[in-house]
Amino acid sequence: MDQQNKTSTDFILLGLFPGFKYPNLLIFTILLIYTVAFAGNSILLLLIWLDSRLHTPMYFLLSQLSVIDLAYISSTVPKTVTNYFTGKKNISYLSCASQMFFFLILGLAECILLTLMAYDRYVAVCNPLRYTVLMNPKVCLQMAVTAWTAAALAAFVHTIYPMHFPICGSRQINHYFCEMPAVLRMSCVDTSVYEMVKFASTIIFLLFPFILILASYVLIFLTVLKMNSRKGKNKALATCSSHLTVVSLYFGQAIFIYMTPSSSHTPEQDQIGAVLGTIVTPMLNPIIYSLRNKEVVGALQKCMGRCCNYENPLFLQCYSQKCSILSFKAIHGQF
């Protein structure tokens with residue numbers, strides 16, 4: 001689309017690392033990561049739905065995380081890839097606001113959900129006798145509703161304010177999607193008051209949850225050290241370390257982008273942080289949290305066995321019906 005055909009409210013997305021020398025390699029790498037993330041989270045959701053052994057509080061929270069990750073990565077990557085292959089970089093004001101809103105609601109919901117998952121693991125390891133009481137289905141549902149409601153309210157506020165600041169000069173966004181700091185850079189008015197509001201929000205939704213997660217895993221770690229089983233210790237420590245790696249990656253980039261003024265870091269740094277949070281993390285989450293879990297692997301093997309097993313009742317029924325039809329045709333000379 002030519003510049004003349006764009007409306008005055010359109011924005012121009014410059015794309016993912018516009019100065020990168022090998023854009024084809026970059027875009028196909030992003031597509032590969034998107035495929036792995038989409039497949040991993042979809043398989044996990046399907047297994048949790050099909051296998052009754054996975055109908056537990058931990059896997060209920062994991063299913064919520066998979067839904068978030070599927071929507072999270074799908075809110076940015078398809079648009080980025082489409083823009084690259086079509087050469088159309090414009091995005092309307094409404095589309096930009098919608099993308100920012102969904103990006104924020106999914107990101108904030110994930111922050112809360114990761115905190116709830118850490119609490120779930122804390123109760124399971126440190127207070128196992130009360131686990132069924134503290135993490136009953138009603139509590140789990142309330143947790144999920146709270147996470148989505150709080151995220152929606154905060155996302156609404158942090159979409160309305162940035163999108164209403166007047167913009168001076170170029171409407172080019174040096175990013176691959178409409179992220180709040182990138183939009184704020186185009187504003188021609190003083191945004192220091194809003195920066196303070198943003199800072200306070202990040203303390204509530206980023207720093208405080210991150211501290212709670214670290215505290216939960218410290219308590220888990222101390223409990224694990226008291227275990228007599230060396231194998232149990234190693235397993236628990238390996239699980240906690242992998243979980244903390246992903247949590248640190250996700251919260252680290254978010255704290256860097258949102259707890260510091262937009263002017264203190266470059267657009268390239270924003271993009272690196274966004275890639276880690278919105279593309280890499282959704283790929284790692286199903287691998288770290290679930291696909292390494294014996295229960296999930298067992299459910300996957302069971303599901304594949306049902307599909308491939310020749311002794312499957314459904315297969316035998318279809319096979320016997322087919323044999324009956326063939327025998328009937330042979331007897332009546334229909335071959």
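**Note on the predicted model**

1. Asp69 is buried, with a relative accessible area of 0% (buried means under 20% relative accessible area, exposed over 50% and partly exposed in between, with a 1.4 Å probe and protein chains only). Asp69 belongs to helix α2, residues 57–74 (helices are DSSP runs of H or I with at least four residues, strands are runs of E with at least two, and both are numbered from the N terminus). The side chains of Asp69 and Asn285 are joined by a polar contact of 2.9 Å (a pair of N or O atoms within 3.5 Å; within protein, one must be able to donate a hydrogen and the other to accept it, and residues adjacent in sequence count only if both atoms are side-chain atoms). Leaving aside residues up to four places away in sequence, Asp69 touches Asn41, Glu110, Pro282 and Asn285 (contact means heavy atoms within 4.5 Å).

2. On the basis of the values: this is a predicted model, in which local features need pLDDT of at least 70 and side-chain atom pairs count only at pLDDT 80 or more, while totals for chains, interfaces and linings use all residues. Residues are numbered from 1 along each chain as its sequence is written, and side-chain values use heavy atoms, with hydrogens and water left out.

3. On the overall fold: the protein has 12 helices and 3 strands. Of its 335 residues, 42% are buried. Among contacts with a separation of 6 or more, 79% are between residues 24 or more positions apart.

4. On the nonpolar core: the largest one holds 86 residues, and Ile173 and Phe251 touch the most other members. Helix α4 gives the most to this core, with 17 residues. Here a nonpolar core is a set of buried Ala, Val, Leu, Ile, Met, Phe, Trp, Tyr and Cys residues joined through side-chain atoms within 4.5 Å. Not counting residues up to four places away in sequence, Phe251 is in contact with Cys111, Leu114, Phe205, Leu206, Pro209, Phe210 and Ile213.

5. How many cavities of 30 Å³ or more does the model contain? The count comes to 1. On a 1 Å grid over the protein atoms alone, a cavity is a set of points where a 1.4 Å probe fits but cannot get out, and a pocket is an open set with protein on both sides within 12 Å along at least five of seven lines; lining residues have an atom within 4 Å of a point. Grid points are joined across faces, edges and corners, and a volume is the space filled by probe spheres set on the points. The largest cavity holds about 260 Å³ of space. Its lining comprises 22 residues, with Leu104, Leu108, Leu206, Ala254 and Tyr258 nearest the centre. Two or more lining residues come from each of α4 (93–126), α8 (192–225), α9 (230–258) and α10 (267–291). By class, this lining has 13 nonpolar, 7 polar and 2 charged residues (Ala, Val, Leu, Ile, Met, Phe, Trp, Tyr, Cys and Pro count as nonpolar, Asp, Glu, Lys and Arg as charged, and the others, Gly among them, as polar).

6. On the second largest pocket: its volume is about 260 Å³. Of the 15 residues in its lining, Leu14, Gly15, Leu16, Tyr84 and Lys89 lie nearest the centre. Helices α1 (23–50) and α3 (77–86) each supply at least two lining residues. The lining of this pocket divides into 11 nonpolar, 3 polar and 1 charged residues.

7. On Phe17: this residue has a positive phi of about 45° although it is not a glycine. Phe17 is placed in the loop between β1 (11–13) and α1, and is partly exposed at 23% relative accessibility.

8. On Thr281: this residue of helix α10 is buried, with a relative accessible area of 1%. Its side chain reaches the backbone oxygen of Leu276 at 2.6 Å. Thr281 touches Glu110, Val246, Leu249, Tyr250 and Leu276, again not counting residues up to four places away in sequence. Glu110 is also among the residues that Asp69 touches.

9. On Cys240: this residue lies in helix α9. Is Cys240 buried or exposed? At 13% relative accessibility, Cys240 counts as buried. Beyond four places in sequence, Cys240 touches Tyr217 and Ile220.
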